[in-house]
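Colleague: I have a few questions about how the terms are applied here. Please set each value against its definition.

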Amino acid sequence: MAYLEVRGLRVGYGAIPVLQGIDFDVEEGKTTVLLGLNGAGKTTTVATIAGLLKPSAGTITFDGQRIEGRDPAQLVERGVALVPEGRRTFPSLTIAQNLRLGSWTKRQRRQELQATEARVYEYFPVLEERRDQLAGTMSGGEQQMLAIGRAMMSLPRLMLIDEASLGLSPRLAKTVFSIVDKINDDGVTVIIVEQNVGVLRHADNALVMEKGAIVYQGSGEELRKGDELRKTYLGAAS
Amino acid sequence: MQGVGFVIARPIVQGLASGAAVGLVAVGLVLVYKSSRVFNFAAGEFVTLGAFGTYLADFWLPFGLAVIVGIATGAIAGLLTERLVVRPLSSRPKVTILVATVAIAFAIIPIEIIRSSKTQAFPARPIVHGNAFQIFRVFVSWQQLIIVLALVVVGAGLAYFFNRTDLGLATLASSQEPTATRLMGIRLNRISMLVWGMAGALGGLAGVLLPPLNLNFFAGFGTTDVLIAAFTAAVLGGMTSVPGAFVGGVLLGIVQAGALANVNSNKFPGAPSVAVLAVLVIVLVVRPTGLLGKEA
């Protein structure tokens, strides 16, 4: 059984269906990239896995346990963390306070958290330098680092990262994804939602979505190197 | 002949105490507004219920415990409002919830009137009788001193809560980014209950502290006498600023007391209200976000 197993997942906003019954698997310890154009259903997929949306049908199994429709609080406790699109850091709180809230469900494990906080600062030194600065006064790239660092503080086993490169310069995006590689090396399973195919170099596996359906499921390298594949599934975006 | 010190000190002493009590209610309004963007028109009745709770409990319990019952009555009213009215309506437009809070006040006031059979004034007992000291020939009562001390203690407590505790940070976070707050594993319903409970307790505390200044209270006084002043204080302070609500409340109290003491009420009735309105207009013209507010 796969680490994350999605079967027949249907999700909509009111009467408007978005996901049309998708199936995919994610392997433990791997990085999977979820590609697709705007409106393909990528954000809806990760938001549903993280518990922000309730599916109308289908199942999500994480590490052998059914999790569809569960509250985000329960999922964070089980090790599912979402870095949301648009960062959504807490603007009037300091960086240190943002990180502290990231560990909300693991507050009792103080020693482990100190080590995790040290690792966040090791990966993102700028956060330590500015730990008393308000998050709302930071640049977009720094806020993205904070959003990822905040998710790390919940000691996740599965990290979902939605549009991490949005609004970042290519150089900054590369830095952010190299850190995501390190997080993956630490044993965290990662799903990256992206429109930018450049992220494929960081992917073990790739999924391509179109109009609420999975249209490609395979190796990231195969998709990256196969020009025809890319043109077929990603069109102009490739 | 009254000295300059007396003329200045009297409205400050009187206004500080009444304004501090109004400030407590204003803080409750700000907490609720920050967390749920709702103007809580039931806040005045949290005050009245606090006063009634103390008054009734005083028949059966030592006064110290009656005071706690008064505060708890306000807190329970806040919790019930959240659980029975605000939460079921949480997906509706904010104006619907606002109207629902008005309905709560309108439902509670007749119940209080039934209890008192007519617009009867109930005696309000101060926590400590008598005067504490005199300044520029102005007597400062123990009750006035206790109200100001209560404001300082509540202010320090809230500052500690919001800056030093995980729960306080979670409360602030929920007002800034509700979705991200959920993704931290924080349950917004619990934060909402906490905020409404705190707002109710602050109203209940004002209901314990404020009536003894006028020696009595009556059904619905929280809505008719306190609510508009508290909203004005909250807007003066910036509507989203807790310290601003404290400052707004104290400023409002001093302006009202100054107008009451220095303007002939026969020639110019309603001078305190006009003075407060003038200060509100001036503050909002000079600083539209209020004294300490950060957002419009």
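Modeller: Start with helix α8 of chain B, residues 188–209: its 22 residues reach 31 Å from first C-alpha to last, close to the 32 Å expected at 1.5 Å a residue. This is a predicted model, where local features need pLDDT of at least 70, side-chain atom pairs count only at pLDDT 80 or more, and totals for chains, interfaces and linings use all residues. Residues are numbered from 1 along each chain as its sequence is written, chains are lettered from A and ligands numbered from 1 in the order in which they are written, and side-chain values use heavy atoms, without hydrogens and water.

Colleague: Why is α8(B) called mostly covered?

Modeller: Buried means under 20% relative accessible area (1.4 Å probe, protein chains only). In α8(B), 16 of 22 residues are buried.

Colleague: Which residues of α5(B) are buried?

Modeller: Among them are I146(B), I147(B), A150(B), L151(B) and V154(B). Residues three or four places apart in an α-helix point the same way, because there are 3.6 residues a turn.

Colleague: Why is chain B called as compact as a globular protein of its length?

Modeller: The globule rule is 2.2 Å times the number of residues to the power 0.38, and the radius of gyration is taken over C-alpha atoms. For 296 residues the rule gives 19 Å, and chain B has 19 Å, so it is as compact as a globular protein of that length. Of those 296 residues, 52% count as buried. The C-alpha trace spans about 65 × 50 × 35 Å along its principal axes.

Conventions
Buried means under 20% relative accessible area, exposed over 50%, partly exposed in between (1.4 Å probe, protein chains only). Helices (H or I, at least four residues) and strands (E, at least two) are DSSP runs, numbered from the N terminus. The expected span of a helix is 1.5 Å times one less than its number of residues.
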